[in-house]
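Here is a short note for a colleague who is new to this structure. Please read the points with the model open.

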Amino acid sequence: MSENRALQRANILANHILRSPPLPSSLSLAREVCLQYSPPELNESYGFDVKEMRRLLDGHNTEDRDWLYGLMMQSNLFNRKERGGKIFVSPDYNQTMEQQREITMKRIWYLLEKGVYRGWLTGSGPEAELKKLALLEVCGIYDHSLSIKLGVHFFLWGNAVKFFGTKRHHEKWLKNTEDYIVKGCFAMTELGHGSNVRGIETVTTYDPRTGEFVINTPCESAQKYWIGGAAKHATHTIVFSQLNINGTNQGVHAFIAQIRDEDGTICPNIRVADCGHKIGLNGVDNGRIWFDNLRIPRENLLNSVADVSPDGEYVSAIKDPDQRFGAFMAPLTSGRVTIASSAIYSAKVGLAIALRYSLSRRAFSLTANGPEVLLLDYPSHQRRLLPLLAKTYAMSFAANDLKMIYVKRTPETNKAIHVVSSGLKAVLTWHNMHTLQECREAVGGQGVKTENLVGQLKGEFDVQTTFEGDNNVLMQQVSKALFAEYVSCKKRNKPFRGLGLEHMNSSRPVLPTQLSSSTLRCSQFQKNVFCLRERDLLERFTSEVAQLQGRGESRESSFLVNHELAEDLGKAFTEKAILQTILDAEAKLPAGSSKDVLGLVRSMYALISIEEDPSFLRYGYLSRDNVGDVRREVSKLCGEVRPHALALVTSFGIPDAFLGPIAFNWVEANAWSSV
């Protein structure tokens, strides 16, 4: 049947060709009449030192990043393919879920053999941690599934053992984890509880007769859910569970449990199910876990904060349950740190592709028979992409700053790291999703094609807005922390110290009523307007909560009623922190072209943030005329940043092979010869 149909179609096509009228002799088929790809480098110049800018942007371990890029490009495991005369490496998203999972593990083994993970858990100190973060970021640029599998194993399972555990756990588990003899996962999230970790329903009791803990999943909503690595590969897991000792609930604690043997067989008293196909990250085997009277040794309690003696006595130096819970949660900040950073590298990939395409793709003519215009020479296209580029630059510096305070953390800085990482994780992941959507649209139909990456990355990174804390919940946590700091300082009549609130010790900034171009681009004006917004929103928020509490409402209820103010405040705090980091980066540069261009980028970030936030108009920080001035200045800045667009994305330092084919010779990549 299929052969007859093919023959019939061939006959129809032959008759069509034979009956077609001859081409007019005046029509030339010379190659000149066809569109040809012209590399942006032929017409675009670098107005500053892109290597200097890249070092500033990456912040650390540039050579280590390039080493890992090279390892990936050398191996066929990373799906090397030729398009348009260039080699590209990217996952084959057309593979089945099972195939993606298996190739992800093969890539992990390859990188293990090359020594990529050396020192990731057994090393110590800021330098070792920064190298680990840099290499994880490169893995995420190649494939989010790869970085998530590594993140779960090293940063969740591994860090839990390292920071929740003590010497006995370190000696038994850390080296084996680093060498992948043990494959770990992290069972915190449940079907019924995600962000609310305190509410998890898994229950663990202690049996003093045998010296064992007994873990149970008491109901279906207590099943562990979305556990990366659980469905297929993990041999062990960290189990977060309520600990019940002699009828008293001591709160959430962490335990080590084996879920598979060396052959991959699921252990007795454990049930595992697959979470199934997802909108992205199908190289990660997310699973569900039930525990049925699972017995584990007493020594498997991670006991840096609390312990249970052989005879069943609960012991902890931290008596307050809230403080004890906070001590358990503090080490988990690394998850938000890595998510915030990887979101920015994802946005960089999208922007590098979309902007390079817009510097070679043309559409429409301004005059009859005139040349078609480059996409990026349209003011509307500049408006779509260049403010996002400026934001990505500013947020890149913020992510670097977050990493630095994380690797140099002390018990005194844990609170600040929690607050800053919560705000940045939310703002940066939202920014990434917005950026990828705009890049997808900016490249037209080519953005729908998987190999061009920008569309595919949306599904791959969408989960970042909700895992390791729902973004809206995180922003409310930021506001609650600011509220507590404000109330504490006012109550003790002490000056503000920390969380960037020192500006509130000075008088309220007064903004000029008329905003000229030079005023809008002035760093002091930008700092003043961001500080004014944060200060006013914090005072409004605390006042509203106090009024409700005065009428008998609880503090938590008062927070909930004022959720809109809380989210505005969280955004104001985070955007001000981001502005400060790009100002700090700018200050590191000597006078010259790089500093000048970064000054343009910083002003673009500040002004587009003002334009996009209704708070400036809603609460009267700026007038309607002022907002109009800001809008016009953003458009003006777009025109000034436009000549530097290629240099700015080149400064990302992402090798050509890690971008999509449309970033380069998109004509040749789609030629018949490539079919």
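How do the residues of the lining of the second largest pocket divide into nonpolar, polar and charged?

1. They divide into twelve nonpolar, four polar and five charged. Ala, Val, Leu, Ile, Met, Phe, Trp, Tyr, Cys and Pro count as nonpolar, Asp, Glu, Lys and Arg as charged, and the others, Gly among them, as polar.

2. This is a predicted model: local features need pLDDT of at least 70, side-chain atom pairs count only at pLDDT 80 or more, and totals for chains, interfaces and linings use all residues. Numbering runs from 1 along each chain as its sequence is written, and side-chain values use heavy atoms, without hydrogens and water.

3. The volume of the second largest pocket is about 400 Å³. Its lining has 21 residues, and L499, G500, K576, A577 and Q580 are the closest to the centre. α17 (563-588) is one of the helices that supply at least two lining residues. With eight, α17 gives the most.

4. Q223 sits in the loop between β5 (212-216) and β6 (224-228). A polar atom of its side chain lies 3.1 Å from the backbone oxygen of E220.

5. Beyond its neighbours within four places in sequence, Q223 is in contact (heavy atoms within 4.5 Å) with T189, E190, L191, T217, R288, I289 and W290.

6. The domain assignment gives domain 1 (185-320) and domain 2 (332-363 + 370-496 + 504-658). Their centres, taken over C-alpha atoms, are 37 Å apart. Six residues of domain 1 are in contact with eight of domain 2.

Terms used. On a 1 Å grid over the protein atoms alone, a cavity is a set of points where a 1.4 Å probe fits but cannot get out, and a pocket is an open set with protein on both sides within 12 Å along at least five of seven lines; lining residues have an atom within 4 Å of a point. Grid points are joined across faces, edges and corners, and a volume is the space filled by probe spheres set on the points. Helices (H or I, at least four residues) and strands (E, at least two) are DSSP runs, numbered from the N terminus. A polar contact is a pair of N or O atoms within 3.5 Å; within protein, one must be able to donate a hydrogen and the other to accept it, and residues adjacent in sequence count only if both atoms are side-chain atoms. Domain bounds come from an automatic or database domain assignment.
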